[in-house]
Amino acid sequence: MQKHGKLSQVFANQLSRIYNLVQVRKPWVIVLLGLVILSSIAGLKFIKYNNDIAVMLPSDKNVQRSLRFLREANFSDKLVVSLKLNEDKRTTEELILATDQFTQSINSPLIKQVFGNISGKNVMSEMVTFLKYTPQLLGIEPLMKLEYGTRPDEIKERLKFIFKQSLSPSSSFMMPFLRIDPLNLSSGILHNMEKLSAASGYQVLINSGHFLSRDGRHAMVIVKSSVVLTDGFGSRKIVDYLKNKIKELPGYVKADIIAGHLHTISNEDVIKKDIRITSIIAAFSFLLLFLLFFRDIRAVIIFLMPFVAVLIAINISFLVFKDLSYFVIGMGTVIAGIAIDYGIYVYMAVRKLGNSLQTVKQIIRPVLFGALTTISVFAAFFFSSVKGYRELAFLSNLSIILCLLFAIFILPHFLAGKSSPNLTEKDDTLPKAHHSKSIDLVFVILWLLVVVISCILGSRLKFNNDINQFDGTAKEIIKSEEEFHRVWGSKDLPAIFVVTAKSLERAYELNDLVYVDALEGIGKDNFTSFSSVWPGMQARKTSLAVWDGFWTKEKKAGFKKMLVLYGKPYNFSAGAFSPFIDELEQVNHLELEPNNLTFFNQLKDQFVFNKPEGYQIISFFPDREEYITKLNVVSNKYPGTFLISRKNFSRDVSRAFTSELALLAFIAVFLTVALTFLLLKNMRLFLLAMVPIVTSLALIIGVLPLAGLSLNTPSIIAAMVIIGVVSDYGMFVVYYCKYKYKTGTYLAVTFAALTTLIGAGVLLFAKHPILFSIGVTLVTGVAAGYISSLLIIPPLYRLWRIDKENSYA
């Protein structure tokens, strides 16, 4: 106890020394503070902001691996332009002409390649060339059927079919394939190639080499850029470039850009607009509050303090983190609303009791502990693996500390003079007539009913872990995407199975093993793999060995005779099937990949990625829970493989957040509880101070489902912040009930709650779902905590008869 008294005396001496120093050096303090403010304003111009959602996600290896893959994958740098005829009288030919005009006009260092059409002749020629690899690609099962397919009856039927095809209008297209494959061995390979081409889900028809919709009134152009979708600055440049090119199209053609880049730009624009609007509304509301209720021009200083503190804190935070998340900056009004509380408490006390060191000493304990509880909640986020949370912790705590220092050591020196008449006559105590036991019991019973009902309603509350809820993309972009999916399909994006390896050969081999297990697990129709068209060397070597073993010298000779003999009735020449016979006589050599086949390379680019750390091969499957479960088993079997799925990703994020938030919440609650008890040093007083926290949390879980909202990560974080904020209200009211200091406690708590509600309430005007979710939670929690502090703590204090003075007459 004696030690505690010495520490208190040391603290009081230091407080006096600093307070008196500021009073003596007041002009110099003003100049220094002015220079810091001007420097901070100038520094805003050089601050770099980050709108990447990754900074708000945990560093869990599965989450970060998925994000890294999506960021680096070949499709992350692609933009799709959908062109549409908007006049009924216009023809498909005019659409094709406009598409060619558009693709030929594109010339920018931001764009690597433009796919608007393909040469039909070249593709057909290359596909025929590709079929020379058929012996390597058939697989064991089809090869086993060769014996049956080379029987005389089967050859007769096959030649009859070929003759009929030669008479059809499509004979010029079909005959090259029939000549090199008279036994129809490659039909499965061609089917798999078609399936791979449609793996993205787009329903595309090739007309004159162009990608057209089924109704012939839409054309698709794919733009491959050097800008990945997470690059906000680059995304804006390339989208603006394409929009300018779209303006050059004929009036009868409309075009929409479909790309993740638009989501990046839109989210950035929405957040910037939200920050601008909420800051203006908050600033105006704060100023109006002080001028109307305080009626003291010097009260503007309180209004300025949190904004100055946040301004300085933003600059220092940038120096520490090198860039700042827009989501964190968007919390600036909330931080200002919290940080302003301490200036209000000091202002009310000084206006009540006068400008003196003794006044500051009288309120320093609850003010300091109130600040520490709020700081402790934000400090818990330093233990988070999420960069954005650490930024929030640093920015918030630095703002609160600066505001606390301004409130204690600077503000009182500007409040000397005549007291404000509308404040000095106020008394914190309620009229004695209202202090009846029956009325107090009514208040407490009603409070208990509200808490219980809220908890019952909270049983309907669900946790939403869908990452898409954090997407604040503008409605017009979403509408364009819906129209795009209506025309081209691919609304339900597939999940992805990723195989990684150091070498391309090893990647192909591993992809084969996965393909076999995946087919067994979910079926051939549900798994689209590059292995179905181009297996690894070992699989092709095995197939080639079976092929060569079947085609003995005698078998070749007999087959050639049957082709000539059974082809005579249809006037087939002796060399009609020479492409197949020539390949049959050739010695087949294994190659890692086909050479000089453009169509193969384009197809491969959709599935095989060359990365600095090695190679990745992807396969697609429907994003369904049962398939994810089965393929997770396959992935666990082969190291270096993993799944990318919206559902899987949401589950990984949810799991990582759940474990992390549990730790952070424990730290925050523990520190808040410990500091509150340390201030009050009495179990009954401590329990009373917990009333606002219990009420806030109960009302949050009750109001969210009533408002049609679900619980999500931002709302949980907001709830943690509320614990620190409303605990201040509880401490100040309990402290007043115990010590009866005439420092304007009720008015101070009221104005503190109002400023916090303003800071949080403006987020209700935000369009971005993250900021809006935080706003709803904060407004509910702060309002509940404030009302319970003023209306429930005093009655409970009196009912509990903690001291004789408060017993009922």
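**Close-up views of a predicted model**

**View 1. Lining of the second largest pocket.** The lining of the second largest pocket has 15 nonpolar, 12 polar and 7 charged residues. Ala, Val, Leu, Ile, Met, Phe, Trp, Tyr, Cys and Pro count as nonpolar, Asp, Glu, Lys and Arg as charged, and the others, Gly among them, as polar. This is a predicted model: local features need pLDDT of at least 70, side-chain atom pairs count only at pLDDT 80 or more, and totals for chains, interfaces and linings use all residues. Residues are numbered from 1 along each chain as its sequence is written, and side-chain values use heavy atoms, with hydrogens and water left out.

The pocket's volume is about 1,100 Å³. A pocket is an open set of points on a 1 Å grid over the protein atoms alone, where a 1.4 Å probe fits, with protein on both sides within 12 Å along at least five of seven lines; lining residues have an atom within 4 Å of a point. Grid points are joined across faces, edges and corners, and the volume is the space filled by probe spheres set on the points. Of the 34 lining residues, Leu137, Leu138, Gly139, Glu141 and Pro142 lie nearest the centre. Helix 22 gives the most, with 6 residues. Helices are DSSP runs (H or I, at least four residues), numbered from the N terminus.

**View 2. Leu143 in helix 7.** Leu143 sits in helix 7 (residues 140-144). Its relative accessibility is 4%, so Leu143 counts as buried (under 20% relative accessible area, with exposed over 50% and partly exposed in between; 1.4 Å probe, protein chains only). Leu143 touches Leu138, Ser543, Val546 and Trp547, leaving aside residues up to four places away in sequence; contact means heavy atoms within 4.5 Å. Trp547 is 404 residues from Leu143 along the chain, yet their C-alpha atoms are 6.8 Å apart.

**View 3. Helix 33 against helix 34.** The axes of helix 33 (residues 769-791) and helix 34 (residues 793-800) come within 4 Å and cross at roughly 35°. Ser788, Ser789, Leu790 and Leu791 of helix 33 meet Ile793, Pro794 and Pro795 of helix 34. This contact has 5 nonpolar, 2 polar and no charged residues. Axes are lines fitted to C-alpha atoms, for helices over the stretch in contact; angles run from 0 to 180 degrees between N-to-C directions.

View 4. Asn571 lies in the loop between helix 24 (553-567) and helix 25 (578-585). Its phi is positive, near 60°. Asn571 is exposed, at 72% relative accessible area. Asn596 is in the loop between helix 25 and helix 26 (598-605). Asn596 has a positive phi of about 60°, although it is not a glycine. At 72% relative accessibility, Asn596 is exposed.

Definitions and conventions. Helix = DSSP H or I, 4+ residues; strand = E, 2+ residues; numbered from the N terminus.
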